[in-house]
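Hi everyone, thanks for making time.

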Amino acid sequence: MIQGVKSRTYTSVNDYDTLGLMARPLRIEYPHAWYHVMNRGAARRKIFKNDTQREYFLSLLGETSRRFNADWHAYCLMDNHYHLMVHTPEGNLQRIMRHVNGVYTQFFNRQERRDGTLFRGRYKAILVDAETYWLELSRYIHRNPLAAGMVQDLKRYVWSSYRVYAGIDTAPDWLSTNYILSSIGRTKRHQRYREFVRGKSDPDIVKFFERSSVSPILGDKAFAEQALEGRADTSDIPELKTARTLPAIDEIIDAVSRFYHIQREAIITPVSGSSGAHAGRFIAMELCRKVGDHRLRAIAEAFGYASANSASRGCRLGAMRIAEDEGMSSDLEVLMRDLTP
């Protein structure tokens, strides 16, 4: 550990399992919350193809800083995804990210002369116990180009906030660096930060983000319990209390049947060839995973698959179909809100 950096005790990511938080991406909003926000291109396609697009995306961060009081603290733009660290004094993350993703998608589609969905989903937002994790999280975000083998020296990567923290570039007026740099020491902060980032990311942080289902909260058990207890009650904050009753598979199938005005059999009956399946079948299976938290074995039984492995392949195919189809993505959002108290 370099001199001037406070020692932190990290909570094992396994603690989140006891709170029931590992099942699916959730969102928690309240004033003065901190988040690590990520999003990836649909089917892992590029969301940034040139510098003009990258510059426009950063301009949107500046716009949301002024318009929605978004307080941006770190960013890294990769070819097919992005990482952001943001503080929301007004508890309005949904509004901020809807603007960023929506306006950028329109700009990208105009430039590329295309239409349809750009991102894999809305976004993943991880609530962060900021003072405990912001320094380590900033290192994780800034080291992404190194981990991807895009550069050998982070000073050469201009599409992250690292160069500002390293003292190479001047911060734009919408980027706040004082919180993180203050935690590294009182003197020679830029030099200390460069030394800190040269070190490897904390193993617990890496393990946290490498999990197939990332928890919606980065913090200890006490922080998670406090966040869940004090959460706002909005439609953008689905299924946080583990005590609530999740919708059964039959309930989900009935909701999809009513939505599309089709018989249950069109949803639960397997067909040869994925192209012949009704969109409602894929939507229903995705809802079983995202809203109902049902196991693959139960999904296989309900949707006529021979095994959990077959159901897993069907779910992956359905998720791809939904990501590539703007209409299906919109239908999924509506049904998710209807099925989430």
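Before we start, one term: when I call a residue buried, I mean that its relative accessible area is under 20%, and exposed means over 50%. Please also keep in mind that this is a predicted model.

Let's begin with helix H14, residues 296-303. Which residues of this helix are buried? They are Ile-299, Ala-300 and Phe-303. Looking down the axis of H14, you'd find these buried residues within an arc of 100°, so they line one face of the helix.

What do the buried residues of H14 pack against? Four helices: H11 (249-260), H12 (264-268), H13 (279-290) and H15 (308-324). Over on the other side of H14, Arg-297 and Glu-301 are exposed. And just after the helix comes Gly-304, with a positive phi of about 75°.

Now, on to the sheet. Here we have 5 strands in an open sheet, with mixed pairing and the order S2-S3-S1-S4-S5. At the edges sit S2 (71-77) and S5 (217-218), each of them pairing on one side only. S5 runs parallel to its partner S4 (residues 124-128), and 2 bridges join the pair. If you want to find one on the screen, look for Leu-127, whose bridge partner in S5 is Ile-217.

Helix H3, residues 93-112, packs on this sheet. H3 touches S1 (33-40), S2, S3 (81-88) and S4, and its direction makes about 145° with that of S3.

Terms used: Residues numbered from 1 in each chain as written. Predicted model: local features only at pLDDT ≥ 70, side-chain atom pairs only at ≥ 80, totals over all residues. Heavy atoms only, no water. Pairing = 2+ DSSP bridges. Contact = heavy atoms within 4.5 Å. Axes fitted to C-alpha atoms, helices over the stretch in contact; angles between N-to-C directions. Buried < 20%, exposed > 50% of the residue type's maximum accessible area, 1.4 Å probe, protein only. Arc of directions from axis to C-beta.
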